[in-house]
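Morning, everyone. Please look at the screen, and keep the sequence beside the model while I talk.

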Amino acid sequence: MRLRVRFQKLGKVRWTSHRDVARMWERACRRVRLPLAWSAGFSPRPKLSFGLALPTGAESLAEYLDIELVAEAVVDVDGLPALLGPALPVGVEVTAVAVVDEKAPSLQEDVDSCTWRLGFAPGTDLPTVVDRALASSSLLVERERKGRLSVDDVRPAILALDAVATAEGEPELEALLATRPRALRPQELLRALDPDLEATRVCRTHQWIERDDLRQEPLAVAPHATWARAQ
């Protein structure tokens with residue numbers, strides 16, 4: 001049986017790394033005695049599979065985790081959010097759990113874009129930044145991968161970009177960024193838009209998969225949101 005979990009990561013816990021989050025979930029599953037499936041081999045590990053890594057320091061409303069259980073497991077899926085809550089650190093909250101097809105693609109394979117909200121200091125002229133970016137045919141940024149530097153055009157990875165505001169009137173960017181063939185990270189987006197831009201808050205609000213020209217979240221039950229692709 002494969003369970004898919006959606007959870008939030010907010011507040012001070014945002015400073016924990018992706019590896020720390022993986023260990024945190026292993027401990028939580030053991031505490032509530034979930035009947036986890038384990039890998040074979042010399043050093044067996046519980047079968048937990050995470051979605052796209054969240055940059056350290058960023059918050060998220062839409063993190064995902066697949067948990068493999070032993071075949072004969074009997075679990076109260078609806079009661080899992082309440083069960084797991086006390087076993088997780090403050091700032092990590094389970095918002096949905098569902099059984100998914102064991103043959104479904106992994107989260108790493110399936111997610112093709114993410115929506116981000118980036119907050120800025122009052123007075124930041126985001127509309128001008130957005131208009132300039134959307135009017136550009138290319139946006140170059142220097143990136144490092146496996147110790148090698150390259151200069152890439154990241155304009156095709158910016159699927160949508162808008163200047164918005166919070167209820168308090170603070171300026172924010174909302175960006176839909178592609179994850180393929182290489183994910184565009186929020187800090188890389190800022191360098192491409194304006195090297196002087198500095199976000200005060202970064203939050204991933206959605207991860208998306210595409211089915212029949214419709215972007216939807218990776219959890220069929222209790223959908224976080226759906227978003228029809230712009231024509």
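How many aromatic pairs does the count come to? One. Rings of Phe, Tyr and Trp (its six-membered ring) pair if their centres lie within 6.5 Å; planes under 30 degrees apart count as stacked, over 60 as edge-to-face and the rest as tilted. The rings of F7 and W25 have centres 5.1 Å apart and planes at 55°, so this pair is tilted.

Some ground rules. This is a predicted model: local features need pLDDT of at least 70, side-chain atom pairs count only at pLDDT 80 or more, and totals for chains, interfaces and linings use all residues. Residues are numbered from 1 along each chain as its sequence is written, and side-chain values use heavy atoms, with hydrogens and water left out.

Back to the pair. F7 lies in strand β1 (residues 2-9) and W25 in helix α1 (residues 18-31), so the pair ties together parts that are 18 residues apart in sequence. Helices (H or I, at least four residues) and strands (E, at least two) are DSSP runs, numbered from the N terminus. Are F7 and W25 buried or exposed? Both are buried. Buried means under 20% relative accessible area, exposed over 50%, and partly exposed in between (1.4 Å probe, protein chains only).

Now α1 itself. This helix has 14 residues. From first C-alpha to last, α1 reaches 20 Å, close to the 20 Å expected at 1.5 Å a residue. That expected span is 1.5 Å times one less than the number of residues. The buried residues in α1 are V21, A22, M24, W25, E26, A28 and C29. An α-helix has 3.6 residues a turn, so residues three or four places apart point the same way. What do the buried residues of α1 pack against? The list is β1, β2 (48-50), β3 (59-68), α2 (80-84) and β4 (92-100). Contact here means heavy atoms within 4.5 Å. Just after α1, R33 takes a positive phi of about 60°.

Next, the inside. There is one cavity of 30 Å³ or more. The largest cavity holds about 90 Å³ of space. On a 1 Å grid over the protein atoms alone, a cavity is a set of points where a 1.4 Å probe fits but cannot get out; lining residues have an atom within 4 Å of a point. Grid points are joined across faces, edges and corners, and a volume is the space filled by probe spheres set on the points. The lining includes F7, H18, V21 and Y64. β1, α1 and β3 each give two or more residues to that lining.

Last stop: strand β10 (residues 201-211). Eight of its 11 residues are buried. Which strands pair with β10? β3 does, in the parallel sense, over two bridges. There, E59 stands opposite C203. Strand β5 (residues 113-119) runs antiparallel to β10, with seven bridges. S113 has W208 as its bridge partner. Strand β11 (residues 214-216) is antiparallel to β10 too, over three bridges. R211 stands opposite L214. Two strands pair if DSSP finds at least two bridges between them. The hairpin of β10 and β11 has two residues between the strands, and D212 takes a positive phi near 55°.

One more hairpin, β6 (residues 140-145) and β7 (residues 148-153). Six bridges join these antiparallel strands. E144 has L149 as its bridge partner. Two residues lie between the strands, and K146 takes a positive phi near 55°.

Terms used. On a 1 Å grid over the protein atoms alone, a cavity is a set of points where a 1.4 Å probe fits but cannot get out, and a pocket is an open set with protein on both sides within 12 Å along at least five of seven lines; lining residues have an atom within 4 Å of a point.
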